[in-house]
Amino acid sequence: MHQVVARLDALDPEAGAAIRVIRRFDELLEGGAGLEPILATVAVLTGAPARLVDARFAVDLRADIEGHVQRNTGPADPHWPHAPLEPGGHPAFWLERLGPHTLLDAMVLDRAAFAAREVLHRTRSATRTSPNPLANDPAAVEVLLDGGASEADRLHAARLLHLPERADVRAAASADGAGQIVVAGRTGADRWDGAGRIGVGPAVPVLELPKSWSHARTALRFAADGTDDDPGPSVVFADELGSLMLLADALNPTFPPADVRALEKAARSGPWVLRTLVEFTSHASLRLAAAALYIHHSTLKDRITAIEHDLGFAVSDPAGRLRAQLALALRRLLLHPADQVAAALD
């Protein structure tokens with residue numbers, strides 16, 4: 001195929017581009033992609049923000065030219081290039097720019113409409129005729145996590161995913177933008193070993209998964225990369241954060257708290273500072289923290305003394321330990337701001 005496209009490019013660049021468009025949308029369908037990746041592809045290929053709006057399926061999405069997707073797009077301009085989902089139907093796909101279609105635009109919108117129809121008919125169609133449910137269907141996951149989808153559509157998506165009707169489930173958000181749904185009770189942190197940063201929402205009935213998804217996105221902000229600059233657990237459960245969840249909404253990224261600024265100052269003393277502080281405040285004793293750091297407890301004691309000097313407050317007493325834990329949590333929220341998480345997941 002690569003050789004065919006290369007030869008077509010040499011003979012007719014527009015024909016080569018058309019073949020690449022067809023192949024790209026075929027790959028999305030073969031991978032079980034949902035509406036958001038399809039719309040993001042439209043925006044990236046055409047170089048214009050794109051919209052997908054269809055009241056029948058309660059779909060209202062917008063992708064910017066970098067492929068970030070958001071909901072509730074507002075009215076479309078009738079002068080924008082557009083295309084229907086079904087031949088002869090109302091406009092559903094829109095490109096946010098004035099002027100006529102190019103040949104590439106027309107091809108992209110045509111293939112996107114075909115791909116979107118396949119997804120909608122599988123996951124949201126009233127006919128529910130899919131004879132071979134997919135055990136791992138990203139488009140069905142997308143519907144289940146979408147609070148704007150109808151109850152009937154979400155129940156249909158749950159059947160596509162073979163989710164037990166009466167079991168509680170959790171939504172999980174990963175830093176790469178993927179959403180997952182897992183049955184509660186099968187969600188130990190070791191499930192995601194090596195998967196990077198993960199936020200896990202509370203256990204809920206299937207129809208309440210949008211709520212779990214919202215909490216999972218917040219929990220993802222508390223998850224650490226596991227590096228010296230961002231040490232800590234990479235898998236975070238929202239229902240284990242408790243009142244810490246409130247920090248995510250209360251934090252003003254423009255004005256970091258004084259303790260966070262002090263933490264950044266202390267961190268400049270060496271790459272070991274933040275990890276030392278994380279382990280010290282996470283363990284019940286000096287010896288357990290030292291064991292986690294693979295150092296002697298006397299070495300750890302010397303480190304803590306130096307860190308306290310740089311911080312300007314003690315961390316060995318309960319009040320100071322809590323203060324340090326809060327500063328670490330706030331710093332992690334600043335490292336992973338809400339708009340960054342939203343851009344990856346939308």
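About 40 Å³ of space lies in the largest cavity of this predicted model, and by the rule I used the count comes to one cavity of 30 Å³ or more. A quick word on that rule: on a 1 Å grid over the protein atoms alone, a cavity is a set of points where a 1.4 Å probe fits but cannot get out, while a pocket is an open set with protein on both sides within 12 Å along at least five of seven lines. Lining residues have an atom within 4 Å of a point. Grid points are joined across faces, edges and corners, and the volume is the space filled by probe spheres set on the points.

So, which residues line the largest cavity? They are Asp230, Pro231, Val278, Leu328, Arg331 and Arg332. By class that gives three nonpolar, no polar and three charged residues. Here Ala, Val, Leu, Ile, Met, Phe, Trp, Tyr, Cys and Pro count as nonpolar, Asp, Glu, Lys and Arg as charged, and the others, Gly among them, as polar. Helix H14, residues 318-335, gives the most to this lining, with three residues. Helices (H or I, at least four residues) and strands (E, at least two) are DSSP runs, numbered from the N terminus.

H14 comes back in the second largest pocket, where it provides the largest share of the lining, six residues. That pocket holds about 420 Å³ of space. It has 17 lining residues, and the closest to its centre are Pro233, Leu244, Gln325, Ala329 and Arg332. Its lining splits into 12 nonpolar, three polar and two charged residues.

Now over to a helix pair. Helix H3 (residues 35-46) and helix H4 (residues 103-123) pack at about 175°, with axes 10 Å apart. Axes are lines fitted to C-alpha atoms, for helices over the stretch in contact, and angles run from 0 to 180 degrees between N-to-C directions. That makes H3 roughly antiparallel to H4, a label for angles over 145 degrees. The contact residues (heavy atoms within 4.5 Å) include Ile38 and Val42 of H3 and Val108 and Ala112 of H4.

Last, confidence. The average pLDDT, the predictor's confidence in each residue from 0 to 100, is 84, and 88% of the residues score at least 70. Over residues 1-13 it is below 50.

Two housekeeping notes. Residues are numbered from 1 along each chain as its sequence is written, and side-chain values use heavy atoms, with hydrogens and water left out. In this predicted model, local features need pLDDT of at least 70 and side-chain atom pairs count only at pLDDT 80 or more, while totals for chains, interfaces and linings use all residues.

Methods
Angles under 35 degrees count as roughly parallel, over 145 as roughly antiparallel, 65 to 115 as roughly perpendicular and the rest as oblique.
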